[in-house]
Amino acid sequence: GVPCQHLACCSSWRFKGSSTVHKAAGGSAEASARALHGSGEPGKVYAVPVDPTSALGQAGVANVLHVIAPSRVPTRASYEPDSDKSLALLQACYVQLFQVFAQCCGILPSSSPHHPPPSSCTAPLPTAAELPPSSSAAAVGQSPSSGSTSGTPFGLYHPPGPGAKVSPAETGGRWTDALLVIAKNLTKYAETVYFRDDRCVVIYDAYPKATVHLLVLPLDLAVLSLDHVKAEHLGLLQHMHGLAMAIVGHLKRGQFPGLSFRVGYHSLPSLRLLHLHIISEDFHRADTLKNKKHWNSFTTAFFMPSETVLAAMARSGSPAALVDPSWARQLEEQPLKCPLCGAPGATVPAMKKHYQQCYETQQQKGGH
């Protein structure tokens, strides 16, 4: 079909639209929408970032725009008996649909995603156009001419050299605190920073496990892991998710149109400070992916999609129920297996060689 990045569909207050779109957006799409927006209202349009691992995400779709039009059917939740009011709501839908679409594309500016005006549409969390002025590339020592694309604050993906890594002396011998050291010294480690706004910083992973590997960190250093996340942190996790999805969209439109991505958290992270992974799925290309734990931490359920975490937050106010430490450790230690076809692998090099064949075959078929 015709390539598109933002897909609009009629939807309900529960964000259940076309069954085809709903299925292609992935199993967590509805929960993700509810986590971001609660419930929908007739006459409004809601943009929901697409899971990059879903069928829609693999096809390059970044957002689904849920259009909740008024209904003239009395049994529908969106029923509006007053014909004049119904017409006004329908007109508002058309106006907001084009507003949201323009915001997703960076054509129109919009207010902060945290405080949208009551009369306007609800935009994604966040698109590049919505990020606050303090989140420009210049804020992290990158000049706007260093590869950024017009209409987006994100620049080229250009990892630093090995000299930018945190030394053991700086962590006091506790390598698990490397992220905390960077977050506390962003000026010193400016070379490791890909992007920053008023709530988060996105850094290059020091030991990337694929061609693209970024980490989204909160600037609130008290949130050390998902274990420290409470109901009041939902807005932060939504912001991290939206930022990650915006970056994925930027990278797919620019440097890496042929890559697919995963966005999520490790069940048992090895480093302190909450961090959300943005990683491409070409794991066979990473020299630093060397052992079984590395492989299983990104190719099994040990890697929890961001949408799954947001859905758990929406249900119970905490993602704690998602993590069973003993089960997570079993996943880390389980035999090597190809995530695309399920074939076993005797060694990591053998697994990567097999995976490359599966991955490239899927690419040729248009799966990435």
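Let's start with K293, which forms a salt bridge with E333, their closest N and O atoms being 3.7 Å apart; a salt bridge here is a side-chain nitrogen of Lys or Arg within 4 Å of a carboxyl oxygen of Asp or Glu. K293 sits in helix α7 (residues 292–299) and E333 in helix α9, so this pair ties together parts that are 40 residues apart in sequence. Helices (H or I, at least four residues) and strands (E, at least two) are DSSP runs, numbered from the N terminus. This is a predicted model, in which local features need pLDDT of at least 70 and side-chain atom pairs count only at pLDDT 80 or more, while totals for chains, interfaces and linings use all residues. Residues are numbered from 1 along each chain as its sequence is written, and side-chain values use heavy atoms, leaving out hydrogens and water.

Now look at E332, also part of helix α9 (residues 325–333). E332 is buried but has no salt bridge, and K293, the nearest side chain of opposite charge, is 4.7 Å away. Buried means under 20% relative accessible area, exposed over 50%, and partly exposed in between (1.4 Å probe, protein chains only). Lys and Arg count as positive, Asp and Glu as negative; His and the chain ends are not counted.

Elsewhere, D177 and R272 meet in a salt bridge (2.7 Å, N to O). This pair links distant parts of the chain, 95 residues apart. D177 is buried, at 7% relative accessible area, whereas R272 is partly exposed at 38%. Together with R174, D177 and R272 are linked in a network of salt bridges. The whole structure holds seven salt bridges.
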